[in-house]
Amino acid sequence: MSTATKLSKKLTPEHAFSMLRTYSLPLVATLVCLPLIVVVAAFFIGFVGAEQRETLAHLWNFVIGEYIWHTFVLMVGVGILVTMIGVSAAWLTTVCDFKGVSWLRWALLLPLAMPAYITAYTYSGMLSFEGPVQSLLRDLTGWKFGEYFFPDIRSLPGAILVLSFVLFPYVYLITRAAFIEQSRAALEAARTLGITPTQSFWRVALPMARPAIATGLTLALMETLADYGTVQYFGITTFTTGIFRTWYGMNDQIGALQLASILLSAVVVLMVVERISRRQSQYHSAGRSKHCVRPFKLTGIRAVLAFIACFIPVLLGFILPALQLLTWSFERLHVWLEPDFIALIRNSLVLAISASVITVLVALWLCYGKRRIHTPLTRASINFASLGYAIPGVVIAVGVIVPFAWLDNKIIQVSELLFGINPGLLLSGTIVALLFAYLVRFLSVSIQTIDSGLSQISTAMDESGKILGLNAQEILARIHFPLLKTSLLTATILVFVDVLKELPATLILRPFNFNTLAVRAFELAGDERLAEAGPAALMIVLAGLIPVIFLSRAMQARHDKNNQVAPTPKAEEIYEPVKT
C-alpha cells in the first residue's frame, strides 16, 4: 500500500476539518493582531536603519518630552478626579439611603453615553466669550471684554475636568459592584465595634474594594491615553495628536509608527497593572454573605450633601452637555432633513452594522473554538486577539494602513505585470481597511460577552448533541445559538455604539469624501461651527444611551438581588446552647 493511500485513509474529512479548525484559531488571532505587530516591529526597526535612528533621535530631542509631560499630567489629573468621584459616588449609592438615591444609581452611568470630544465641544460653546455663561455674566455685571477674568476651558486643566466627568463611571461601575458584593458580616462587625460609617469606609470597605478601584482606574486611564478629539480641540500636544501631526503634517510614516509604539508601551503597562489587580481581587472579601449590608439612613443636611455629591457629576458629565446639544439641534431642525445629514446617518449606520455583524461572527467562532478545543495554544490565541480594545484607535489605524498599503502596492505590481491593468487601491483607503480596524479594536468586547454566555451553558448539552449524532456546526446552530441570543444581541449593540463613537481610526482610514457623524462633528467643531455640530453629536449621544440602559438595568437587578436585609437575630439564636 502506498504512502498516499495510507495518508488518504488517515486524513478523513472530519480529521482534516478538525486540524483546520485547530490551527485556524491561532492564525486568525495573529491576523487580528497584525497592526500591533507592525507597531511593535517599527520600534525595533528604528534602532537598525540610519534614517530611522535619525528620525527617532529628532523626535526624542524636540517633541517626545512635551508629549510625555502633557500625557503624564493629563493621566495624573484624570486619575485623581475619577477615583475621588467614582469611589465616593459608589459608596454613597450603595451603603447610604437618602432621597433620590434610587434615581442616582443609574443616572451616574449616563456620562458613558457622552463621548469626551462631544462634551469638550459643548463646554467650549457654553463657556466661550459669546457663550451663554459669559454673556449672562456681562449682562448681570455690566462688564466688558477685558474687565474680568474667566478661566479658559480649552487648556490642560480644562481637558482634565472634561475627561474626568466623562470617564468616572468606569470607576463608579466596578467599585459599586465590589461594594455590593462585600461581606455583610465584616461591615456589621465593624458597626458592633462602634466604628462610624466614615471609619468603616476607610478601614474596612475601601481596602477590600482596592482591586476593583484599580481596575476601573486603569480603564479610565486607557481611555485617557486613547483620546484624540478632546486634546486636539483644546490644543494640547499628547501622543495621539503627535501621531496625527507626524503622519499628516510631516508625512513621516516611520516617525508616526515609532510614536505609536511608545504609546503602545504605556498601554501595555496599564494592562499589566489591571491584570495584577484583577488577580488579587480573588483574595479580598472571600467570605460573601447572601445579604449586603443594611443601608445607613441619611436625613437632614447629610442627605442633602450626599445628594449634591452624587448629582454634580451627573449634572456636569451629562445633563448640561445634553441640554446644550438639544438647544443647538432644535435651533437647526432643518438640518435633520438635509440630504447631506441623511447621508451621514446612512454611512454611520452601514459602518456600524457591518462592523458589529463581522465582529460578533468572528468572536462567536473564536469562543466556540475555544470551548471545543481545550489547549494552551487556543486560550493564548483568544487572549492575544482580545488585546485590541485596550489599544488606542490611532495606534490601530497606523498599524493597519502600513501593511494594507504595502499589500495594495504588491497587488498593483502583479496585476500590471500579468494583465497590464492597474486595479487601484483595493484595501487601504477603502471601507475594507476601516472595517478591519474596527474588528481589531472591538473584538474584545464581543469575545468577553459571548464567552460569558457560553460559560453559562452546560457542557452536558454538547455531549447530548453528540449522542444524538449532531456535528459541531449543528450543535452550535441548534443548541448554543438559541441560548446565546441575548449575549449575541448585547455584543452587537455594544460594538455598534462603539463604532458610531470611534473618531481617530475613522479619521485616518476613511475613504475620500466619506464622512460619518463623528467625523462631521469633529470637522465642524474644528471650524468653530459648534452649533452646527449639534445634530450630529446628538445622534451619537442618543445611540450611546442604549448600552447605558442595559448597564443600569443589570446593576439594578444585581442590587435588588443582593440588597435583602437579613432580619435581626434573636437572643436565643445568638446564644444558642452548645449541643453535646
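Which residues in H22 are buried?

1. The model is predicted, with local features requiring pLDDT of at least 70 and side-chain atom pairs counted only at pLDDT 80 or more, while totals for chains, interfaces and linings use all residues. Numbering runs from 1 along each chain as its sequence is written, and side-chain values use heavy atoms, with hydrogens and water left out.

2. In H22, the buried residues are Ser487, Leu488, Ala491, Ile493, Val495, Phe496, Val497, Asp498, Val499, Leu500 and Lys501. Buried means under 20% relative accessible area, exposed over 50%, and partly exposed in between (1.4 Å probe, protein chains only). Helix H22 (residues 485-501) has 17 residues and spans 25 Å from first C-alpha to last, close to the expected 24 Å; the expected span is 1.5 Å times one less than the number of residues. Helices are DSSP runs (H or I, at least four residues), numbered from the N terminus.

3. The largest nonpolar core contains 167 residues, and Phe98, Leu366, Leu443 and Ile450 have the most contacts inside it. Helix H9 (residues 156-181) gives the largest share of this core, 14 residues. A separate second core of five residues includes Leu470, Ala472, Ile475 and Ile479. Such a core is a set of buried Ala, Val, Leu, Ile, Met, Phe, Trp, Tyr and Cys residues joined through side-chain atoms within 4.5 Å.

4. Beyond its neighbours within four places in sequence, Phe98 contacts Leu92, Leu104, Leu298, Ala303, Ala306, Phe307 and Cys310, where contact means heavy atoms within 4.5 Å. Phe307 also belongs to an aromatic cluster with Trp103, Trp106 and Phe311.

5. Aromatic pairs are rings of Phe, Tyr and Trp (its six-membered ring) with centres within 6.5 Å; planes under 30 degrees apart count as stacked, over 60 as edge-to-face and the rest as tilted. By this rule there are 13 aromatic pairs. Tyr228 and Phe522 have ring centres 5.8 Å apart and planes at 40°, so this pair is tilted. Tyr228 lies in the loop between helix H11 (197-226) and helix H12 (229-233), and Phe522 in helix H24 (residues 517-526), 294 residues apart. Tyr228 is buried at 6% relative accessible area, as is Phe522 at 15%.

6. Thr224 lies in helix H11 and is buried, with 4% relative accessibility. Apart from neighbours within four places in sequence, Thr224 contacts Leu74, Met75, Val78, Leu163 and Leu167.

7. The charged end of Arg138 sits over the ring of Phe129, 4.0 Å from its centre. Arg154 lies over the face of Tyr233, 4.1 Å from the ring centre. The criterion is NZ of Lys or CZ of Arg within 6 Å of the ring centre and within 35 degrees of the ring normal.

Note on methods:
Helix = DSSP H or I, 4+ residues; strand = E, 2+ residues; numbered from the N terminus.
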